[in-house]
Amino acid sequence: MVEYDRSQSPEGASTAAPRICIVGVGGAGSNVVDRITLDRIVDATLVCAHTDVRVLGHSMAPVKIQLGAELMKGIGAGGDPDLGREAALFSRDQIRHSIENHDIIFISAGLGGGTGSGAAPVIAEIAKNTGALVLVVATMPFSFEGRRRLAQAEEALELLQKRADALVLFENNRMGELILPKDGIQKAFNQADQLIAQSLRAISTITTTPGLVKLGLDDLTSALANANGRCLFGFGEARGQNRGTEALKKALKSPLIDSGRLLHQTKNLLVHVAGGESLTLVEVEGVMKQLGRHVPDQTHILFGLGVDAKLGDAVAVTLISSLGLNQLNAHATAAPPSEMLQPRAEVTAPVAAPAPVFAPAPAAVTPAPAPKREVAARKAPAPYAPPVESTPDLLFKSAAFSSVPAVGEAFPLTSLHLEAAAPVQTQDPDVALVEEEEPAFEEHEPEPPVIAAAPVFASIPETARIPASTPVAKELADATRNGNGKESTLAAVVARSVTLQTEAAPAQDDLISFDEQHESTMISATAVLTRKSTADSQQTFSLGEEDRGRFKDTEPSIVQGEDLDVPTWMRLKKKLRR
Amino acid sequence: MAKSTIYAGLEIGTHKICVVVGEAKRDGAIKILGVGQAPSRGVRKGEIVDFEKVQTCVNDALVRAEDRSDVMIRNVFLGVTGAHIESLNNRGRHRLPDEQTEIGEDDVEEAKEIARSVSIPQSNVFLHSVTRQYIVDGQEAVRQPIGREGRVLEADYHIIHGVRGRVQNAIRCVREIPLEVEDVVFNPVAAAQVVLTREAKMQGALMIDFGAGTCDYVLYEDGMITASGCVPLGGDHITNDVSMALQIPNGRAERLKVEEGSVLYEEVPEGEMLSIEDDTGLILGEIERAFLNEVMNLRTKEILIQVRVRVEDHLGRLGAGIYLTGGVSMMKGVDVVAREVFGIKVTRAGSAPVSGITATFENPQYSAPIGLIRYAQILDSEKPFLSPLKRLGRRMQELLSSITL
């Protein structure tokens, strides 16, 4: 394959400007890269990686990588992430060769499919190893694509999160929902691609071009910092009179911002205003003032200002922020498609939790987990995956094993297994085997941990404060206090403390207990969730069999679990009989 | 504009379909020119389930109304209801720019826009958004904010919305007749215009339009519409209960309910029997009157309790009490039960007197369709610059764009 490295062409400039590479992985990823190629909006090396030769053939990217040519024989991964991963591992060298020597590597992938979910983490790993800054721009599948794809996407997300410096995650549902229902599916996907391409461009310009008020990658990550957050992105460009206001209006119109409504809950908001040399202070002030109406006072606004001669007399406003999936869904559930969304919320919430559970499990401290493997099949492999210093191969295999909690299938069971696993960690393996039997079969078992959860949660900061003598613990305690025990900070803290662990041996015990408690909180959260969902479903079961007379075929009027179409006297009689 | 305008209101009820033709004079008076009515088929709980049947019935009613009023009806105001219709109050807050102290027209528009941009479910459509009041710097009940000094202007809106598809279906059904739908009005909002006097609205009143399919309500406080909605239970449910309790067909149960039924059972002497006849006058059997009344009472009470649950928060502030209208409000003893349920004064009311066919407005069954005429008139007087034609055009554009989906 011949390689045209566009970013290299202006020899002199390349030393000053950071070299950017954009890799599109899988179908969605290559679509995005295509769009960028066509629009020529970013000065970067564009790489398209796919297992399917046909897609590669259509791709307009200058560099194309056929993943796993020998293994796949040019056929797509067929929605199987394992195949995608294998394929990417086969083409490791080729990938490394294409993306080497760049300062920033963007990886764009649509999660949920085979190549996107399977290969993207591998490529991210390789990119990380080249020493570049890795930014992943990913999309979660539409809810109509089914649960399986969602599960795969969540799994891939987990892996990507560990490898990328920043993760920009888009919720396709959000984009799809706001497109007119009559628009075809192609348009829905197209729109999504376009938005992602725009965001890629915006991020690369924001972080690379010098500005009057500079925004760096640190600002970007803090704007995106949100546990299980989905990216809110808006971009608007306008010229002529009132261009500042117009640009802001356009940016707010972005479906991901929902005319500013979604901004009400964000904690951090990155605003970048760029314009040609004619940009005036008054305009910038106007934009910010207007934006202030949509944003609550406590929101941290990360403001950036750039003058870019390329923009001419146009003004561009970029808004980037993130919102937790739950909050996002809370907004969306008002809409009736919530039938589609509800199961999602159920699925994703428990998935969100395990992130910190798996990452930190310190390999050095826990005894060899062999006997436990059956008890907590999903949990056990975690110790194998300390995110640092291991060869990619091993890493991927074990990660594949851990196959993050089994979204969708048998929740109660999963949570029970995890519960069983939690006490097992420190006790000796025999006890574990004895204990294993009981919780696995008792359906109502989740209850005790629920009650226990409250004190556990409360005690986290305490445990963190006790060993304040060691440096690690101090850091831990500080971070916990700052973060008020929020998931995101906890996760970060735990992850960091694991890497430091070898140096600060005395802190180990505390760390483990901390880790465990955190884990059990998470688990009990899952248990609560599961319990709640069963309770919900029970209510609806009892209905619909009663005699409704002439209202048989009409929509039932259900109030507090009673079908009011059934004669009042009949219901009263039933109640009396009970 | 002509001296008077003729409007037609169409209400597709669960029990009857009714077309009222009225003349609205410039001075605000209304004259009812004619009423056409036909029994309704194919409507359940206020919503159309069978297009063809409904269309035949509407045609019947239409022809009668045209006959009596001697008016060709082309456009109608359509009253809709249904369980899917919900309401909420929303406030839009607009802070004036720093250098400006006087509230201008733009500021009012801005505040309105913010108030109206409330997030309703994607599939829903706005039926009404009524300005309740403006609030300037915390001072409530401002009717006309333009020209006032202030820093913060808030617009308080009552928003009624329903599921787009269901509203659209009603419109489509009528358009196929063919009739043009000038505007869609939530039934109780229309009925309240003629049932409640300005005074009642100022004192605070709850109007309950107790129909066959649904029980719609509107609540006014300090002259402002505060709550509205629809309980998908009505006279049909009473009939159904009777029919199932007595094991008699629905038609007969309906007649029994209307002719003999009452919701007061405590005063009925024990052992008083009622004979049930079939169409030929043959006696089918006997039932105890107290039993019939008790069945009806239980259901009526339950329906009213459902209404109460929805307006509970505002009940303390109703000086004018409750106005019962709609077909079921003619049932014996319903006011007593309502008083029991709500604990405040209950008035049974039809439309306020208008000129024309007097028998019409006295009948509470016609509150909603007459209200449609009044509503149309109010609408026109509020928007004098927008001719009905233009409004129609805009409406149709909206419709067309959504129908071609």
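In which sense do strand β12 and strand β17 of chain B pair, and over how many bridges?

A: A quick word on the ground rules. This is a predicted model, so local features need pLDDT of at least 70 and side-chain atom pairs count only at pLDDT 80 or more, while totals for chains, interfaces and linings use all residues. Residues are numbered from 1 along each chain as its sequence is written, and chains are lettered from A and ligands numbered from 1 in the order in which they are written.

Now to your strands. β12 (residues 205-210) and β17 (residues 321-325) of chain B pair in the parallel sense, over 5 bridges. Here strands are DSSP runs of E, at least two residues long, helices are runs of H or I with at least four, and both are numbered from the N terminus; two strands pair if DSSP finds at least two bridges between them. To pick out one bridge, B:D209 has B:T325 in β17(B) as its partner.

The two strands belong to an open sheet of 5 strands in chain B, ordered β14-β13-β12-β17-β18, with mixed pairing. β14 (224-231) and β18 (346-348) of chain B sit at the edges with a single partner strand each, so one side of each has no neighbour in the sheet. On average, neighbouring strands of this sheet are turned by 20° against each other, direction ignored.

What lies across it? Helix α4 (residues 187-195) of chain B lies across β12, β13 (215-221), β14 and β17 of chain B, and runs at about 120° to β12(B). Axes are lines fitted to C-alpha atoms, for helices over the stretch in contact, with angles from 0 to 180 degrees between N-to-C directions. Residues are in contact if their C-beta atoms, placed from the backbone, lie within 7 Å.

Elsewhere in chain B, the axes of helix α6 (residues 235-246) and helix α7 (residues 250-259) come within 8 Å and cross at roughly 110°. That makes α6(B) and α7(B) roughly perpendicular to each other (65 to 115 degrees; under 35 is roughly parallel, over 145 roughly antiparallel, and the rest oblique). Among the residues that meet there are B:I238, B:V242 and B:L246 in α6(B), and B:A253 and B:L256 in α7(B). By class, this contact of α6(B) with α7(B) has 5 nonpolar, 4 polar and 2 charged residues, where Ala, Val, Leu, Ile, Met, Phe, Trp, Tyr, Cys and Pro count as nonpolar, Asp, Glu, Lys and Arg as charged, and the others, Gly among them, as polar.

Conventions
Two residues are in contact if their C-beta atoms, placed from the backbone, lie within 7 Å.
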